[in-house]
Amino acid sequence: MEEKTDLRILKTRKALSDAFLVLLCEKRFEDITVGELCDRAMVRRATFYKHYADKYEFFTFFIRQYEETFSMDAKEHKKDSLSDYSAFMFQRCIEFMREHQQMIQRVLESNMQSVLLDLFTDEIYHNTLLHIRENNLFPNATATLRDTIAAFYAGGIVQVLRQWFNGSRTHNLDEIHETSEALTQILHSFANMDG
């Protein structure tokens, strides 16, 4: 049975997260102090340090909250083809980026860019690998090849998202879906090749 989190802890996390979002819209991550975050959230510094070692650990927690939402959404699409699933993940990421555009822009301008991209890539990779396993996609592929395929998709999705966010290219979701379909067929052929 899942253990419930104390209501006070939930309220503290929400207050800190809400304050963090507001601060990220105002300034770069490097310029935010724990004291300032606690003041905005009306949370004592001692309470903050009871749960997080520093603002970097809090940032990781903050992003993980969104990852949990992604994982829940991904479970609803567990029977989709890999290309449909990839298109869904891309669409979900675009929605997140549109919702939090100013915050993401501040993070991308900061030294936390690689942390954010790594967390997103890891989450997409794990969800894609789980999708491949649960749907027995690439049945003749080794576990290593399935891992590689999941990493390939995750890296591709994150790179397209970076390009989309930076405005260097415009991506049409239908085109992305068609490309994903073609790549899936190539990967199926590759995975089913003998020795």
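Predicted model: local features only at pLDDT ≥ 70, side-chain atom pairs only at ≥ 80, totals over all residues.

Trainee: Got it. What share of the residues counts as buried?

Mentor: 42% of the 195 residues of the chain. Buried means under 20% relative accessible area, exposed means over 50%, and partly exposed is in between, with a 1.4 Å probe and protein chains only.

Trainee: Okay, rings next. How many aromatic pairs are there?

Mentor: The count comes to 14 aromatic pairs. Rings of Phe, Tyr and Trp (its six-membered ring) pair if their centres lie within 6.5 Å; planes under 30 degrees apart are stacked, over 60 edge-to-face, and the rest tilted.

Trainee: Which class does the pair Phe 20 and Phe 58 fall into, and why?

Mentor: Edge-to-face, because the planes are at 90°, with the ring centres 5.1 Å apart. This pair links distant parts of the chain: Phe 20 is in helix 1 (residues 7-26) and Phe 58 is in helix 4 (residues 55-75), 38 residues apart.

Trainee: Are those two buried or exposed?

Mentor: Phe 20 is buried at 1% relative accessibility, and Phe 58 is buried at 0%. Phe 58 also pairs with Phe 62: the centres are 6.3 Å apart and the planes are at 35°, so that pair is tilted. Phe 58 and Phe 62 both lie in helix 4, four residues apart, which is about one turn of the helix.

Trainee: What else does Phe 62 touch, leaving aside its neighbours within four places in sequence?

Mentor: Phe 62 is in contact with Ser 17, Phe 20, Leu 21 and Met 103. Contact means heavy atoms within 4.5 Å. Ser 17 is 45 residues from Phe 62 along the chain, yet their C-alpha atoms are separated by 6.6 Å. Phe 62 is buried too, with a relative accessible area of 1%.

Trainee: And which residues do the ring pairs link into a cluster?

Mentor: Phe 20, Phe 29, Phe 48, Tyr 49, Tyr 52, Tyr 56, Phe 58, Phe 59, Phe 61 and Phe 62. Phe 29 has a charge over its ring as well: the charged end of Lys 55 sits 4.7 Å from the ring centre. For that, NZ of Lys or CZ of Arg has to be within 6 Å of the ring centre and within 35 degrees of the ring normal.

Trainee: Switching topic: how do helix 5 and helix 6 cross?

Mentor: The axes of helix 5 (residues 82-99) and helix 6 (residues 101-108) come within 5 Å and cross at roughly 90°. Axes are lines fitted to C-alpha atoms, for helices over the stretch in contact, and angles run from 0 to 180 degrees between N-to-C directions. The two helices are therefore roughly perpendicular; that word covers 65 to 115 degrees, with under 35 roughly parallel, over 145 roughly antiparallel and the rest oblique.

Trainee: Which residues make the contact?

Mentor: Phe 96, Met 97, Arg 98 and Glu 99 of helix 5, with Gln 101, Met 103 and Ile 104 of helix 6.

Trainee: Last one: which loop holds Met 42?

Mentor: The loop between helix 2 (34-41) and helix 3 (45-51). Met 42 has phi near 55°, a positive value in a residue other than glycine, and counts as exposed at 77% relative accessibility. Asn 136 has a positive phi too, near 50°. Asn 136 lies in the loop between helix 7 (113-134) and helix 8 (143-166) and counts as partly exposed at 46%.

Notes
Residues numbered from 1 in each chain as written. Heavy atoms only, no water.
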